[in-house]
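Me: Can you take me through this one? I have the sequence and the coordinates open.
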Amino acid sequence: MALKPVKTSINQKEKINFNIATLEQLKIPRLIGEKRALAILAWREKNGNIASFDELLKAKDLNIGVKIISALQEKFILN
């Protein structure tokens with residue numbers, strides 16, 4: 001019996017590890033521009049890896065809300 005090929009989506013993307021993401025990877029159109037991405041990199045450098053995206057909600061200087069957290073969770077994983 002022959003196995004059927006598994007269909008994969010061309011648009012399927014793997015999630016990026018947030019804790020090692022580069023400046024360009026952190027950018028999300030209309031939500032995270034270069035200035036906020038740089039702030040995230042600086043915050044991550046100072047505070048280290050995060051275990052939960054909710055930690056970013058507490059970082060007042062990043063000005064990250066629930067909408068941005070939702071977008072981050074779609075694009076990134078935490079390892």
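This is a predicted model: local features need pLDDT of at least 70, side-chain atom pairs count only at pLDDT 80 or more; totals for chains, interfaces and linings use all residues.

Me: Fine. How many helices and strands does the protein have?

Reply: Four helices and two strands. Along the sequence they come in the pattern β-α-α-α-α-β.

Me: And what share of the 79 residues is buried?

Reply: Buried residues make up 28% of them. The accessible surface of the protein is about 6200 Å², and carbon and sulfur atoms hold 54% of that. Of the contacts with a separation of 6 or more, 56% are between residues 24 or more positions apart.

Me: Start with α2. What span should its 14 residues have, and what does the model give?

Reply: At 1.5 Å a residue α2 should span 20 Å, and its end C-alpha atoms are 20 Å apart, so the two agree.

Me: Which residues of α2 are buried?

Reply: A37, I40, W43 and R44. Seen down the axis of α2, they fall within an arc of 120°, so they line one face of the helix. K35, E45 and K46, on the other side of α2, are exposed.

Me: Why would residues three or four places apart point the same way?

Reply: Because an α-helix has 3.6 residues a turn.

Me: What do the buried residues of α2 pack against?

Reply: They pack against α1 and α3. After α2 comes G48, with a positive phi near 85°.

Me: Now α4. Which residues are buried there?

Reply: In α4, residues 66-75, the buried ones are I68, I69, A71 and L72. Their arc around the axis is only 160°, which puts them on the same side of α4. V66, K67 and E74 are exposed on the other side. The buried residues of α4 pack against α2, α3 and β2.

Me: How does K75 count on accessibility?

Reply: K75 has 26% relative accessibility, so it counts as partly exposed; the cut-off for buried is under 20%.

Me: Switching topic. How many aromatic pairs are there?

Reply: Two. In one, the rings of F18 and F53 have centres 5.6 Å apart and planes at 75°, so the pair is edge-to-face. F18 is in the loop between β1 and α1 and F53 in the loop between α2 and α3, so this pair ties together parts that are 35 residues apart in sequence.

Me: And the other pair?

Reply: That is F18 with F76, where the ring centres are 5.5 Å apart and the planes are at 85°, so that pair is edge-to-face. F76 is in strand β2, 58 residues from F18, so the pair links distant parts of the chain. Ring pairs thus join F18, F53 and F76 into a cluster.

Me: Last one. Where is N19, and what is in contact with N19?

Reply: N19 sits in the loop between β1 and α1. At 5% relative accessibility, N19 counts as buried. Its contacts, apart from neighbours within four places in sequence, are R44, N49, I50, L78 and N79.

Technical notes: Residues are numbered from 1 along each chain as its sequence is written. Side-chain values use heavy atoms; hydrogens and water are left out. Buried means under 20% relative accessible area, exposed over 50%, partly exposed in between (1.4 Å probe, protein chains only). Contact means heavy atoms within 4.5 Å. Accessible areas come from the Shrake-Rupley method with a 1.4 Å probe; for residues, only the protein chains shown count as cover. The arc is that of the directions from the helix axis to the C-beta atoms. The expected span of a helix is 1.5 Å times one less than its number of residues. Rings of Phe, Tyr and Trp (its six-membered ring) pair if their centres lie within 6.5 Å; planes under 30 degrees apart count as stacked, over 60 as edge-to-face and the rest as tilted.
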